[in-house]
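Please read them with the structure open.

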Amino acid sequence: MLIALLPGDGIGPEVIEQARRVLDAVCGDTLTYEEAPVGGAAYKAHGHPLPPATLDLARRADAILFGAVGDPDCDALERHLRPEQAILGLRKALTLFANLRPAKLFPELADASALRPEVASAIDMVIVRELNGDVYFGEKGMRTTAAGRREGYDVMAYNEDEVARIARVGFETARARNGKLCSVDKANVLETSQLWRDVVIELSADYPDIALSHMYVDNAAMQLVRNPGQFDVIVTGNLFGDILSDQASMCAGSIGMLPSASLDANKKGLYEPIHGSAPDIAGQGKANPLATILSAAMMLRYSLDRGTDADRIEAAVASALANGARSPDLGGTHSTVQMGDAVLAAL
Ligand code: IPM
Ligand code: MG
C-alpha cells in the first residue's frame, strides 16, 4: 500500500513527522511512503502550490496523509497560486466530496474545552461536510459597479445530484452511529439551501430508520455551544461545514485534536487535521500532533481496511492524554516530539 505524504507548510511537516513515527510503529514496512511538496512550500520550490508531480503521486497512492497549507509570504499572490489552492485542487481533482470530521471529547480534556465540563463531556458527533461545491467552487471574481466601485463576488450553487451524494453519506453515517441526522442549511434566506433541504427530505424516504431534523446554520452555531450533546451526525454544505467544524473542535477541547477524512465514492481518501498551518508557532515544536495522528488512524480504518490498527492508535492517544501528555494548546508544556513520544510509549 502506497501512502502519499504531503506535509505542506507551517506546522504541517512537524505534525506529519509524528504521525509517520506512529504509523511505522503500528504498520512496520507493510506501508510504503512517497513524499511531495504542496502549498506554499511547493510554490517556492516549483512555482505552483499543487505541482503536477504532487497531483500524480496523490492519484497513484492508496491514501494521502496531508499536513496543512497556508503561508503568509504568499498572501499577495494571485488566488490560483496561493497555498490553499493545493488542498482545494486535490479535493476537486480526486472528487473527494465527503468530508468526515468527528468531534468527540476525550474525557481527560474536559478542562481544556471552551465549554463547562458538564456541557462539553456530552460531545460525540460527526460533521459530514460537502467538499466539492458551494461558494468555494462557484464563479468568482472582482468587477466594477456602474458607479465605478470595486465589487467582489462568489457564486453559491449546488445541484441536486451534489446534494443527494453527500446527503446519502450523512444518512449512512448516522445509520452506523446513533441514527440521528441533522441537516444544516440557511433555507430561510438562500435558494441553494432550499434545494438542499428539499433533496434531503426526498432522500429521507430511503432511510425511514433515521431521525432527520433540519436546522438553520445560525441556530446550529448557537446550539453547538448551548447543548452539543444533542448532535449525532450533522450534514451540511462546504462553507457552513468549514465554520461549524472549527467551532466544534474548540467545544471538544482544542483545534489541535480534530482529524478528518475526505473521501471519494470508492473510499479513497485524503486525511488531514482540520487545523491550519499555524505560521505563528511553526518550527517551535509547540504544535499538537494528535489531530494528525488521529487522521492517520482514520486512514487505516477507511482506506486501508485496518480498523484494528486504527483502534490501537486511538486507544494510545487516549492513554497518552490520561498519562498527562499536554501540548500548549491543551494547557501543558509537551513539545510536538514529546506528544509523539507519549503516543508511542502508550502503544
Ligand atoms: C479546512 C480549511 C480549508 C477550507 C482551507 C485551508 C482552504 O480551513 O480544511 O477546513 O476552507 O476548507
Ligand atoms: Mg477550515
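1. Which residue stands opposite Ile234 in β10? Cys182 does. The strands β8 (residues 180–185) and β10 pair in the parallel sense, over four bridges. Helices and strands here are DSSP runs, numbered from the N terminus: H or I of at least four residues for helices, E of at least two for strands. Two strands pair if DSSP finds at least two bridges between them.

2. Some ground rules. This is a predicted model, in which local features need pLDDT of at least 70 and side-chain atom pairs count only at pLDDT 80 or more, while totals for chains, interfaces and linings use all residues. Residues are numbered from 1 along each chain as its sequence is written, chains are lettered from A and ligands numbered from 1 in the order in which they are written, and side-chain values use heavy atoms, with hydrogens and water left out.

3. Strand β10 (residues 233–236) also pairs with β5 (residues 124–130). Those two run parallel and are joined by four bridges. Val128 stands opposite Val235 there.

4. Now the side chains of β10. Val233 and Val235 point one way, Ile234 and Thr236 the other. In a regular strand the side chains alternate between the two faces of the sheet. All four of these β10 residues are buried. Buried means under 20% relative accessible area, exposed over 50%, and partly exposed in between (1.4 Å probe, protein chains only).

5. Asp232 deserves a look. It is found in the loop between α8 (217–226) and β10. Asp232 counts as buried because its relative accessibility is 4%. A polar atom of its side chain lies 3.0 Å from the backbone nitrogen of Asn178. For the backbone nitrogen of Gly179, the distance to a polar atom of the Asp232 side chain is 3.2 Å. Leaving aside neighbours within four places in sequence, Asp232 is in contact (heavy atoms within 4.5 Å) with residues including Asp124, Met125, Val126 and Lys180.

6. What lines the largest cavity? The lining is Asp134, Met156, Tyr158, Val184, Asp185, Thr192, Ser193, Trp196, Gly237, Leu239 and Phe240. Two or more of the lining residues come from each of β8, α7 (191–203) and α9 (238–251). The largest share, three residues, is from α7. The volume is about 80 Å³. A cavity is a set of points on a 1 Å grid over the protein atoms alone where a 1.4 Å probe fits but cannot get out; lining residues have an atom within 4 Å of a point.

7. The largest pocket holds about 770 Å³ of space. A pocket is an open set of grid points with protein on both sides within 12 Å along at least five of seven lines. Of the 30 lining residues, Pro102, Val126, Met298, Arg301 and Tyr302 are the closest to its centre. The largest share of the lining, five residues, comes from β4 (98–104).

8. Last, Leu6, in strand β1 (residues 2–8). Leu6 counts as buried because its relative accessibility is 0%. Not counting residues up to four places away in sequence, Leu6 touches Ala36, Val38, Thr54, Leu57, Ile64, Leu65, Phe66, Gly67 and Leu90. Leu6 and Ala287 are 281 residues apart in sequence and 17 Å apart in space, C-alpha to C-alpha.

Note on methods
Polar contact = N/O pair within 3.5 Å; in protein donor to acceptor, adjacent residues only side chain to side chain. Points joined across faces, edges and corners; volume = space filled by probe spheres on them.
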